[in-house]
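Work through the exercises below with the model open. Try each task before reading its solution.

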Amino acid sequence: MSNHLKDQSSPYLLQHAENPVDWYPWGEEAFERAQREDKPVFLSIGYSTCHWCHVMAHESFEDPRTADILNRHFISVKVDREERPDIDSVYMNVCQMLTGSGGWPMSIFMTAGQKPFFAGTYFPPVSRYGTIGFPDLLLAVAEKWKNSREELLESAERILTHVIRPAESLPKEIHGNQPKEAADIFSRSFDAVYGGFGQPPKFPTPHNLIFLTLYSRIRQQNTALEQVLFTLDHMRRGGIFDQIGYGFSRYSTDRCFLVPHFEKMLYDNALLILAYCAAYKASGEQSLLDTAEKTAEYIFREMTGEEGEFYSAQDADSEGEEGKYYVWRYEEILEILGAERGEQFCSCFGITREGNFEGRNIPNLLNGKPLSDDFDKEKKALYAYRKSRASLHLDDKILTAWNALMICALSVLYRVTGNGRYLAAARKAASFIEEHLAEGNILYVSCRSGVKSGKGFLDEYACYASALISLYEACGNPFYLERGAQFCQEARKQFEDEEGGYFLYGKQNSRLISKPKETYDGAIPSGNSMMAYCLVRLSQLMPDGETSVRTGSADGEEKDGFGYGFLQAAEKQLRFMEAEAAHNPAGYCMYLTARLLHENPPMKINVVLSKSDRMEEMIPRLPLCADVKMYVESVKNGIKTEKTGNVKNVDNCFNGSSSQPFTAEAEGYKLLNGKTTYYVCKNHTCFPPTNQMPEQEFLSDILG
């Protein structure tokens, strides 16, 4: 018998639609019934590819006896944390405050007024090892609700006073040296043997690596870059990287990156593409770029829909066992590849008869074998076999924020490689968001099977604005810059707190018991960190002094832009984030990246291409962290072209063809000596035009 989740679109909620538990989605119906029947609410928060969510579901939510206790004494509510990050944020704060830790599945007991009085994560089906069993916990809470309710209600009120914190005043100016403090913190926790930072479990946290890469180039701190390169190399060699089908798993459970938590998330892979691209541009090490491209190949092959949208995650479990899909027996490899080639493969990828993980093997290159192996044919055979022996659950929900991060990644990957496939994929994904997840300047959190979920939160606006800025940086189409500015303005309108920072939910969203401001960078950068980045970049790309900005619109017409005041907003946000990061700067790396860019504005490079040079060949050679515009010769076939500087229509953006998309008089820029010419400006100073591409020494203070 189905419960109240049967009409939901979330894969996670649908996984529980046939439970004997009488689940409700979050909404008035559930809380009104709790009020009417005088029952407490049990709130369970998770997501569809969460291993321990599956475990608790099988042990407890599918158990008729446990379900009977829930149905008799509670009103039960299920929430997909990826669709409702606002609910997840509010109650995760409660869980961490009460237990000292958090995670999923999250288990919250609260009143019909949504006030929590008890919290935890996973509970086993029976009491053991000092942990109360879930049925015993349910009966204990039910007994207290009946006989000692005042005690629970007092607890709820005490919790609420701690959840709602007063706003703090902002510093008047940015000061101190938080980037150095953060780099020092990372350096002290660096694992010089296996890479990474801190003790296991080791999370990739690519935004930390991106910050350290930029910091190393700006401050000339080679140690930071060496730590990044060492870490990225070990991650690429370890089992956290799928050596057969590519892409990265969620995190490593051990110190050496061999044994991962096997689920794969879209956002991890997007951010890791960015980290590997940045490190490649800083070091020139080809294996880093190869890893970024292999990760993109995984995304295209397994995580991309027909309209260019990107799916959310792949499960860690298959056939009820975590990681079974990814591990191998030694004999199995030989059966598929043949004895001779199979033994060679096993020797290269650390596969033994004894196994390196619970009697089986996780392929890896931690033995120091070359990354550029010659086993492409064998990998394809193993990949095909692996897909035939089991399947993984795919969370095919389309999340706006995570898709935006992949758009950023592919835009940067295009700038690093010049491969138009990446730019075309980024543009296609942006078109999907515009068509399916946006209505004017309003964004939605997600969609699935043509059904949109609720109105977007801060993360949707900040991440998508960043994606549009990245697309503009990749192809120069002002449509993307204007659209990014519009969504950034909408975020300010909906979420900005006059006292500083941005709330997670805003004027388009329903209210909860508290109104959080997420500032700490967790698995992905916080919405406030992303807003700092967007505001800084828009202040540089659309200076406040401009009274209007000529922009291309979706229909190809031009219209007047308007002043955005981005510089003032950026500085205010940086001051807010400085105060937030004071206790632990290493936890706010996306903000620190924005701060470094604000304090060290990227140079502006105008490139006038000669007839003999092609833009797609020129792009990978240019600095990654620079504002670049490209033009062709100002005279073509003896006729001057119109003075536009960039293409007018989004569909005319460079798509990898051999044609030159940017035809312009170049706003006064001329060819020097008939060769491709570079006009470079930095720190309000413009240098003489030159035929030499800016040298690394000249770019030593930026990521180049």
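**Exercise 1.** State the strand order of the open sheet of four strands, then find its edges.

*Solution.* Step 1: the order is 21-20-24-25, and the pairing is mixed. Strands are DSSP runs of E with at least two residues, and helices are runs of H or I with at least four, both numbered from the N terminus. Two strands pair if DSSP finds at least two bridges between them. Step 2: strand 21 (627-631) and strand 25 (685-686) each pair on one side only, which makes them the edge strands. Step 3: strand 24 (residues 677-682) meets strand 25 through two antiparallel bridges. Lysine 682 has threonine 685 of strand 25 as its bridge partner.

This is a predicted model: local features need pLDDT of at least 70, side-chain atom pairs count only at pLDDT 80 or more, and totals for chains, interfaces and linings use all residues. Residues are numbered from 1 along each chain as its sequence is written, and side-chain values use heavy atoms, without hydrogens and water.

**Exercise 2.** Describe how strand 4 (residues 106-110) and strand 5 are joined.

*Solution.* Step 1: the two strands run antiparallel, with four bridges between them. Methionine 110 sits opposite proline 116 in strand 5.

**Exercise 3.** Why is strand 5 (residues 116-120) largely enclosed by the rest of the structure?

*Solution.* Four of its five residues are buried, so strand 5 is largely enclosed. Buried means under 20% relative accessible area (1.4 Å probe, protein chains only).

Notes
Buried < 20%, exposed > 50% of the residue type's maximum accessible area, 1.4 Å probe, protein only.
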